[in-house]
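Here is a short report on one protein model. Look at the sequence and the structure first, then read on.

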Amino acid sequence: MGGTASLIGSVLGGLTGLVGANKDSDDIRKEREAREREQAMQEADERRRDREKVLEARQMESKRKATSLLSGGSASLRDAPEVSGKTLKNKLGE
(Lines give C-alpha, C1' and ligand atoms only; values in the text may rest on other atoms or scores of the structure.)
Protein backbone atom coordinates (compact mmCIF):
# COMPACT_ATOMS: atom_id res chain seq x y z
CA MET A 1 0.00 0.00 0.00
CA GLY A 2 2.93 2.31 0.48
CA GLY A 3 3.52 2.17 -3.25
CA THR A 4 -0.04 3.26 -3.98
CA ALA A 5 0.23 6.26 -1.68
CA SER A 6 3.45 7.39 -3.34
CA LEU A 7 1.85 6.92 -6.76
CA ILE A 8 -1.15 9.05 -5.72
CA GLY A 9 1.23 11.64 -4.28
CA SER A 10 3.17 11.74 -7.54
CA VAL A 11 0.02 12.18 -9.59
CA LEU A 12 -1.27 14.95 -7.31
CA GLY A 13 2.13 16.63 -7.32
CA GLY A 14 2.18 16.51 -11.11
CA LEU A 15 -1.30 18.01 -11.33
CA THR A 16 -0.39 20.75 -8.88
CA GLY A 17 2.70 21.51 -10.99
CA LEU A 18 0.57 21.73 -14.12
CA VAL A 19 -1.87 24.12 -12.47
CA GLY A 20 1.03 26.29 -11.25
CA ALA A 21 2.65 26.20 -14.70
CA ASN A 22 -0.65 27.18 -16.28
CA LYS A 23 -0.89 30.17 -13.92
CA ASP A 24 2.69 31.15 -14.77
CA SER A 25 2.00 30.90 -18.50
CA ASP A 26 -1.11 33.09 -18.06
CA ASP A 27 1.00 35.70 -16.27
CA ILE A 28 3.66 35.53 -18.97
CA ARG A 29 1.01 35.79 -21.69
CA LYS A 30 -0.60 38.83 -20.02
CA GLU A 31 2.77 40.51 -19.60
CA ARG A 32 3.66 39.84 -23.26
CA GLU A 33 0.30 41.24 -24.41
CA ALA A 34 0.80 44.35 -22.27
CA ARG A 35 4.27 44.88 -23.79
CA GLU A 36 2.87 44.42 -27.30
CA ARG A 37 0.12 46.98 -26.63
CA GLU A 38 2.63 49.46 -25.25
CA GLN A 39 4.94 48.96 -28.23
CA ALA A 40 2.03 49.40 -30.67
CA MET A 41 1.06 52.65 -28.93
CA GLN A 42 4.65 53.92 -29.09
CA GLU A 43 4.89 53.06 -32.80
CA ALA A 44 1.58 54.80 -33.50
CA ASP A 45 2.83 57.88 -31.62
CA GLU A 46 6.04 57.85 -33.64
CA ARG A 47 4.13 57.57 -36.94
CA ARG A 48 1.86 60.45 -35.88
CA ARG A 49 4.88 62.63 -35.05
CA ASP A 50 6.50 61.76 -38.39
CA ARG A 51 3.30 62.73 -40.25
CA GLU A 52 3.16 66.02 -38.36
CA LYS A 53 6.78 66.76 -39.27
CA VAL A 54 6.10 66.04 -42.95
CA LEU A 55 3.01 68.25 -42.95
CA GLU A 56 4.91 71.05 -41.23
CA ALA A 57 7.74 70.80 -43.75
CA ARG A 58 5.25 70.94 -46.64
CA GLN A 59 3.57 74.01 -45.15
CA MET A 60 6.89 75.76 -44.64
CA GLU A 61 7.94 74.94 -48.22
CA SER A 62 4.70 76.32 -49.66
CA LYS A 63 5.05 79.47 -47.53
CA ARG A 64 8.63 79.87 -48.71
CA LYS A 65 7.57 79.54 -52.35
CA ALA A 66 4.71 81.99 -51.89
CA THR A 67 7.02 84.50 -50.21
CA SER A 68 9.67 84.20 -52.90
CA LEU A 69 7.09 84.67 -55.67
CA LEU A 70 5.60 87.72 -54.00
CA SER A 71 8.89 89.34 -53.12
CA GLY A 72 10.29 88.92 -56.62
CA GLY A 73 7.69 91.17 -58.25
CA SER A 74 7.50 90.79 -62.01
CA ALA A 75 10.79 88.92 -61.97
CA SER A 76 9.03 86.07 -60.26
CA LEU A 77 6.90 85.21 -63.28
CA ARG A 78 7.28 81.59 -64.10
CA ASP A 79 7.14 81.87 -67.88
CA ALA A 80 10.14 83.28 -69.64
CA PRO A 81 9.40 86.64 -71.31
CA GLU A 82 9.39 86.86 -75.08
CA VAL A 83 12.46 88.70 -76.28
CA SER A 84 12.52 88.06 -79.99
CA GLY A 85 13.42 90.97 -82.26
CA LYS A 86 10.03 91.18 -83.99
CA THR A 87 8.11 91.16 -80.73
CA LEU A 88 10.19 93.95 -79.26
CA LYS A 89 9.89 96.09 -82.43
CA ASN A 90 6.11 95.60 -82.42
CA LYS A 91 5.86 96.57 -78.77
CA LEU A 92 8.06 99.64 -79.23
CA GLY A 93 6.25 100.70 -82.41
CA GLU A 94 9.15 100.54 -84.81
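## Surface and salt bridges

The protein chain has an accessible surface of about 8800 Å². Carbon and sulfur atoms account for 58% of that area. Such areas come from the Shrake-Rupley method with a 1.4 Å probe, and for residues only the protein chains shown count as cover. This is a predicted model: local features need pLDDT of at least 70, side-chain atom pairs count only at pLDDT 80 or more, and totals for chains, interfaces and linings use all residues. Residues are numbered from 1 along each chain as its sequence is written, and side-chain values use heavy atoms, with hydrogens and water left out.

How many helices and strands does the protein chain have? There are two helices and zero strands. Both kinds of element are DSSP runs, numbered from the N terminus: helices are H or I with at least four residues, strands are E with at least two. Helix 1 covers residues 2-71.

The protein chain has 94 residues, and 2% of them count as buried. Buried means under 20% relative accessible area, exposed means over 50%, and partly exposed lies in between (1.4 Å probe, protein chains only).

Next come the charged pairs. Side chains of opposite charge can pair when their charged atoms come close. A salt bridge is a side-chain nitrogen of Lys or Arg within 4 Å of a carboxyl oxygen of Asp or Glu. The whole structure holds six salt bridges. The table lists some of them, including the pair R29 and D26.

| Salt bridge | N to O distance |
|---|---|
| R29 and D26 | 3.8 Å |
| R48 and D45 | 3.2 Å |
| R64 and E61 | 2.5 Å |

Where do R29 and D26 sit in helix 1? They are three residues apart, so about one helical turn separates them. R29 is partly exposed at 33% relative accessibility. D26 is partly exposed too, at 30%. The pair also belongs to a network of salt bridges, which links D26, R29 and E33.

Now take R48 and D45. These residues are three apart in helix 1, so they are separated by about one helical turn. R48 has 34% relative accessibility and counts as partly exposed. D45 is partly exposed, at 35%.

R64 and E61 are also in helix 1, three residues apart, with about one helical turn between them. R64 is partly exposed, with a relative accessible area of 48%. For E61 the value is 34%, again partly exposed.
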